[in-house]
Amino acid sequence: MAKIIVVTSGKGGVGKTTSSAAIGTGIALKGHKTVIIDFDVGLRNLDLIMGCERRVVYDFVNVINKEATLSQALIKDKRTKDLFILPASQTRDKDALTVEGVQGVLEELAKEFEYIICDSPAGIEKGAQMALYFADAAIVVTNPEVSSVRDSDRILGILQSKSKRAEEGREPIEEHLLLTRYHPGRVALGEMLSVSDVEDILAIPLLGVIPESEAVLKASNQGTPVILDTESEAGLAYMDAVDRLMGEERPLRFLEVQKKGFIKRLLGG
Amino acid sequence: MTDSGFRLKGSVVTTILLEIQTFSLDDIVFHLKEKIDQVPHFFNQAPIIIDISKMKRGITIDEFELLIQSVSALGLGVIGWRCDPEALPVWKASVTIPLLPASKARSINTSPVDKENASPDVVVKTVVEERLVPQATKVITKPIRSGQQVYAEGDLIILNQVSAGAEVLADGNIHVYGALRGRALAGVKGDVDARIFCRSMEAELVSIAGNFMLSDALRNIVWKDSAQVLLVDDSLEIVPL
């Protein structure tokens, strides 16, 4: 039985697609057959982050409308074994997603895959609700600032009231908090909310804290999931988050302000 | 859920009370009809209780049955009758409609009190009366997230946090055993005795029976600490617990 994980946030630009790509890749690296679905119909981005945009022929909406088969639309990742991408349609809108259509695709994927990662669009409307409707678990991506935290709180309410699990009165969706773009220096200055501030407001278990890093932007532009950059703090923090998602214990790191070394200070770095 | 196919529940119904003082069927019907014609939609099929506890002399079963028939013929629905419990007529068991317990409501005499004029033979009083049935308390264990709204007809007990941007409302009291960061409105139907209790006061707004206070004011009184909110002489008081 496949586990369906939605990566969601409410607010846009917090790192949902970056996190979907990184976590999906991380799970596949552990040997689990994984598919990442881009639910952002009309604003297709996942293929860019994954570096497979030139290989998109058919998409999610084509499969829903039975214009293509799943095997035609699925793109096999070139770097990571066991990883597949189902891209969104760029020419359609969110109305192309129907409950029956999405359910059909997910059921078919569940036969073959262990993990299905749903990369949600921003907002709380149809696209976002479709992405979370069938989820077993949710990764709520939040930046350490008040508006992002407020929107995450809103999406948590929707997860617990408008998902299939909630409607059927089954065990609720398992919730994970992923704090991204965390800048310890700015937290120390009081310009950003701290990990404990966010945990206090949202009151859900913390999956990981991804530090603000230049490596993320670089990885996005290159079309390589940042988790593959094992030199970067962000990549390592994502790997820790994947380990925790798989039930392993990992201490939090990269939360402290790094002291600049003598040479670095001398060079004004 | 229910095997029996039905559920028994309590309910509050607003009814009209017809308090008979002197029995004169023609007068009653005449004056009652006059009242009905003024606001026909209000009286159409309206539930009515016939109260004979204020009658000076007794009434026979035949007269009473006739009265019920006449009132029904005017388009009202007679749902029961009332009598002074210490002067129950001997025929009480043979009446076809239920005997209701005596009223505790104040009656408002609509007829002009004028001692010089002869008192009218019949005074039709319409006393709109609400019988209060205690409402069940609603208990919530999950967090109330931003954008969610919870309303309870009685008291509301929340064993978790109320997030900023969430709203909790109750006709009665509100208890929040977590941080109260959203809006809490108690006594929304006007109960001035309703109160709000919380473990950590961080509310955007608290209100009792329409009297409200915003977080800016709350910050100066109790903040991030346990508190209760109550209404004293039309002004809100925030008291640390």
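Residues are numbered from 1 along each chain as its sequence is written, and chains are lettered from A and ligands numbered from 1 in the order in which they are written. In this predicted model local features need pLDDT of at least 70, side-chain atom pairs count only at pLDDT 80 or more, and totals for chains, interfaces and linings use all residues, while side-chain values use heavy atoms, with hydrogens and water left out.

Q: How are helix 1 of chain A and helix 12 of chain A oriented to each other?
A: Helices (H or I, at least four residues) and strands (E, at least two) are DSSP runs, numbered from the N terminus. Axes are lines fitted to C-alpha atoms, for helices over the stretch in contact, and angles run from 0 to 180 degrees between N-to-C directions; under 35 degrees counts as roughly parallel, over 145 as roughly antiparallel, 65 to 115 as roughly perpendicular and the rest as oblique. Helix 1 (residues 16-29) and helix 12 (residues 233-245) of chain A have axes 9 Å apart at an angle of about 60 degrees. The two helices of chain A are therefore oblique.

Q: How many nonpolar residues are in the contact of helix 1 of chain A with helix 12 of chain A?
A: Contact means heavy atoms within 4.5 Å. Residues of helix 1 of chain A, including A:Ile23 and A:Ile27, meet residues of helix 12 of chain A, including A:Met239 and A:Val242. Ala, Val, Leu, Ile, Met, Phe, Trp, Tyr, Cys and Pro count as nonpolar, Asp, Glu, Lys and Arg as charged, and the others, Gly among them, as polar. In this contact no residues are charged, three are polar and the nonpolar ones number seven.

Q: How are helix 1 of chain B and helix 3 of chain B oriented to each other?
A: The axes of helix 1 (residues 25-38) and helix 3 (residues 61-73) of chain B come within 11 Å and cross at roughly 20 degrees. Helix 1 and helix 3 of chain B are therefore roughly parallel.

Q: Which residues of helix 7 of chain A meet helix 6 of chain A?
A: The axes of helix 6 and helix 7 (residues 146-162) of chain A come within 10 Å and cross at roughly 55 degrees, so the helices are oblique to each other. Helix 6 of chain A contributes A:Gln129, A:Leu132 and A:Tyr133, and these meet A:Ile155, A:Ile158, A:Leu159 and A:Lys162.

Q: What area is buried between chain B and chain A?
A: In this interface 10 residues of chain B are in contact with 12 residues of chain A. Buried area is the accessible area (1.4 Å probe) that two parts lose on being put together, summed over both. Carbon and sulfur atoms give 39% of the buried area, which is about 890 Å².

Q: How many salt bridges does the rule find across the interface of chain B and chain A?
A: A salt bridge is a side-chain nitrogen of Lys or Arg within 4 Å of a carboxyl oxygen of Asp or Glu. The side chains of A:Asp200 and B:Arg181 meet in one (3.0 Å, N to O). Across the interface the count is three.

Q: How many residues apart in sequence are the parts that A:Arg165 and A:Asp136 tie together?
A: The side chains of A:Arg165 and A:Asp136 meet in a salt bridge (2.9 Å, N to O). A:Arg165 lies in helix 8 (residues 164-167) of chain A and A:Asp136 in the loop between helix 6 (126-133) and strand 6 (137-142), so the separation is 29 residues.
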